[in-house]
Amino acid sequence: MRIMYFLGPGHTGSTVIDSLCGSHPKVSGTGESHRLVLESESMRCGCGETLADCSRWAGVIKSLPGPSQSEFPMTVVRNRRSVDALADFVVGGVGAERRIGSDYRRRLSEAVLNSVDVYRRLSTLESTDVVIDSTKNAGRLLGYMRVHGLETTVVRLRRDGRAIVASHKRRQPSISTLYATLAWLKVELTCWWILRISECDAYSVRYEDFCSDPEAVVRGIWRAARLEDFDASFSEIVAAQERHLIPGNPVISSPISQVARDDRWREELSALDRVVFTLLGGPINRKNGYPLR
Ligand SMILES: [Zn+2]
C-alpha cells in the first residue's frame, strides 16, 4: 500500500480531484480521512450517510480497536484557546511542532501510524495499491515521511492566491482580507519548507489547469503515483468516481458531472483587497505562476 498525499491550501479543488482519482480501480480515495473517528456518529460521508452508517466506512470503523479520537487518534487536535490559536497561527506548522516539542511529535506519530493502519485495512478490503489522503496539512506529511518503508506520492495543489482568499472570505464572512492573505501565505510557506526539509519531490497540480483539462491532470496524477493508465473515457472516470469521501467541511459533496472553473474572486475582491493581497502575497503568487493582472 502506498499513500498519495494532497498538500496545499484549502479551496484548491482537492475533493473533486480526490474523487476523480479514486475512480481508478487500484486507488482508494478517502477525502480528509483524519476526521474518520472525530465524530463518526454525526459527521456525514460524501454519500450523505453518517460515517458510522455509511456502507463503506461503518465496517472500517467497527474493525478499529476503538472507534473514537480518544481511543484511536487519527489526527492531532490542537488546543483552540485563543492564545494558543494565535501562537499556532503565527508560528504554525514546523514552528508549532518545535514549540510544542516532543509531546506534539509523539501525538503526531501516533495519529499517522493509526491512519496508516486504517489505509492498510481499506486497501486490503478494496484490493487497491494507493490510498489518497487529502488532508493537505504539511505537518501530517512530515509524519508520513517518518514512517519507515512507507512510500508516499505528494501532489502539491496550487491556485491563484486571490481566489483562495476570496473563497475563504465567502466561507467565513467575518474575516478580513489581511487575515485570509496571511492564512494562505502561512500554508504556502509551510508547504515549501516541509518539502524542502524532507527532500521530497512533489507532483504539482494547478487548480486552473485541472479545470481546463481535468482528464489530463487526473491521468498525470496516476502516472506520478506509478499506476497503470486506466483504460476508460473521461465520462466513465466521472461515472466511477469515489462517492464515499470524508468531506473537509460539513457540506455534503455531490458527485461532479462537469468541472467548472470558479473565478468569482475577480468580482468579489475590491481594489483595496487586491492592494493588501499584492503587498503581502504578490511575490509568492507570482512564483506559483500567477502574474498580477
Ligand atoms: Zn459513504
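At what angle do helix H5 and helix H7 pack, and how far apart are their axes?

**Entry 1: model.** I note that this is a predicted model, in which local features need pLDDT of at least 70, side-chain atom pairs count only at pLDDT 80 or more, and totals for chains, interfaces and linings use all residues. Residues are numbered from 1 along each chain as its sequence is written.

**Entry 2: H5 and H7.** I looked up helix H5 (residues 138–145) and helix H7 (residues 177–198), which pack at about 15° with axes 9 Å apart. H5 is therefore roughly parallel to H7 (angles under 35 degrees). I recorded the crossing of H5 and H7 as right-handed. From H5, the contact uses Ala138, Leu141, Leu142 and Met145; from H7, Thr190, Cys191, Ile194 and Ser198. Contact requires C-beta atoms, placed from the backbone, within 7 Å.

**Entry 3: Ala58.** I located Ala58 in helix H2 (residues 57–62). Ala58 has 17 C-beta neighbours inside 10 Å and so counts as partly exposed. The cut-offs are 20 or more other C-beta atoms within 10 Å for buried, 12 or fewer for exposed, and partly exposed in between. Leaving aside residues up to four places away in sequence, Ala58 touches Ala52 and Asp53. Ser40 lies 18 residues from Ala58 in sequence and 8.9 Å away, C-alpha to C-alpha.

**Entry 4: whole chain.** I recorded 12 helices and 5 strands, taken as DSSP runs (helices H or I, at least four residues; strands E, at least two). Of the 293 residues in the chain, 39% are buried. Among contacts with a separation of 6 or more, 77% join residues 24 or more positions apart.

Conventions:
Axes fitted to C-alpha atoms, helices over the stretch in contact; angles between N-to-C directions. Parallel < 35°, antiparallel > 145°, perpendicular 65-115°, else oblique. Left-handed = near helix turned anticlockwise from the far one by under 90°. Contact = placed C-beta atoms within 7 Å.
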